[in-house]
Amino acid sequence: MNQLTGVFLTVFGLILLAGFAFWELRQKFPVFHVEFFKNLKFSSSTLAALISYLATFIVTYILNYHLQYIRHMDPQTTGLILIVTPALMALIAPFSGKLSDKIEPQKLASLGMVFVTVAIFILIFLDKSMPLYVIVASMVLQGIGYGIFSSPNTNSIMGSVPRKFASLASATVSTVRVIGQTMSLGMLTVIFAVIMGSVPIIPRYFSLLILSSQIACVFSTVLCFIAVIASLVGMKSNKKMIG
């Protein structure tokens, strides 16, 4: 994206995506039912999922760089610390999934993203002077928040389409996850390319590494806030697509 070729390929890719959607809308038996996105609940929950993965997937990479390069931790210790977030997600997600059958799932998803937003906001101030316990606290908040968000958000997506389209809704969740994670790494790479360029990660350039990480967290915080709003949009819409 910081070169003309990247801009061209991005625009070309968006044109192809729009062309695919237009083509699918005209087919009797489409590969993907684009009309699902006319359902406000489906589209808002899917958008929230996409943005959440886009905003959060890079945090692990940022903390990995920070702990190993800035704090000089060995890979094993770094890995043990980074387990905190996914471990909490795995513990909380089943309970939030059950709770979403009793409480409006989009409310729970929005609450979860609030926790994640606060967690990544803390990391905006990530530098070599930030205490380790603050970093771990941020990871705990993110793990709890995403554990609360993920299952209810999936429940909202799956529940907004007729049962016969459940497989397509499930595939949508998986596709959105991969796209969000891929775009997240792309965003981080672009930020590093613009701020750091092609320099090696050595003590001389650690200040640029810290700055790049902070800017990435600013973008992620804004995206998480948008995901909070997206989770709430369409909450009152119980309309399902007609097969």
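Predicted model: local features only at pLDDT ≥ 70, side-chain atom pairs only at ≥ 80, totals over all residues.
Helix α2 comprises residues 40–70, a run of 31 residues. From its first C-alpha to its last, α2 reaches 44 Å, which is close to the 45 Å expected at 1.5 Å a residue. At the start of this helix, a side-chain oxygen of Asn39 comes to within 3.0 Å of the backbone nitrogen of Lys41. Within α2 lies Ser52. With a relative accessible area of 0%, Ser52 falls under the 20% limit and is therefore buried. The C-alpha atom of Ser52 is separated by 7.3 Å from that of Leu223, although the two residues are 171 residues apart along the chain.

The helix is followed by His72, which is placed in the loop between α2 and α3 (75–82). The phi angle of His72 is near 60 degrees, a positive value in a residue other than glycine. Most residues other than glycine have a negative phi. His72 has a relative accessible area of 61%, and because this value is over 50%, the residue counts as exposed.

Side chains of opposite charge can pair when their charged atoms come close. The structure holds 1 salt bridge, and it is formed by Glu104 with Lys41, the closest N and O atoms being 3.7 Å apart. Distant parts of the chain are linked by this pair: Glu104 belongs to the loop between α4 (84–99) and α5 (105–122), whereas Lys41 belongs to helix α2, and the two are 63 residues apart. The partners also fall into separate classes of accessibility. Lys41, at 11% relative accessibility, counts as buried because the limit for this class is 20%. Glu104 has a relative accessible area of 22% and is therefore partly exposed.

Aromatic contacts were examined next. A search of the whole structure finds 13 aromatic pairs. In one of them, the ring centres of Phe36 and Phe42 are 5.5 Å apart and the planes stand at 70 degrees, so the pair is edge-to-face. An angle over 60 degrees is what places a pair in this class. Phe36 has a relative accessibility of 1% and therefore counts as buried; Phe42, at 0%, is likewise counted as buried. Phe36 forms a further edge-to-face pair with Phe165, with 5.3 Å from centre to centre and 70 degrees between the planes. This second pair links distant parts of the chain, since Phe36 lies in the loop between α1 (4–25) and α2, while Phe165 lies in the loop between α6 (132–159) and α7 (166–195), 129 residues apart. Both Phe36 and Phe165 are buried. Phe36, Phe42 and Phe165 are among the members of one aromatic cluster, which also includes Phe32 and Phe37.

Notes:
Residues numbered from 1 in each chain as written. Heavy atoms only, no water. Helix = DSSP H or I, 4+ residues; strand = E, 2+ residues; numbered from the N terminus. Expected span 1.5 Å × (residues − 1). Polar contact = N/O pair within 3.5 Å; in protein donor to acceptor, adjacent residues only side chain to side chain. Phe/Tyr/Trp six-rings, centres within 6.5 Å; stacked < 30°, edge-to-face > 60°. Buried < 20%, exposed > 50% of the residue type's maximum accessible area, 1.4 Å probe, protein only. Salt bridge = Lys/Arg side-chain N within 4 Å of Asp/Glu carboxyl O.
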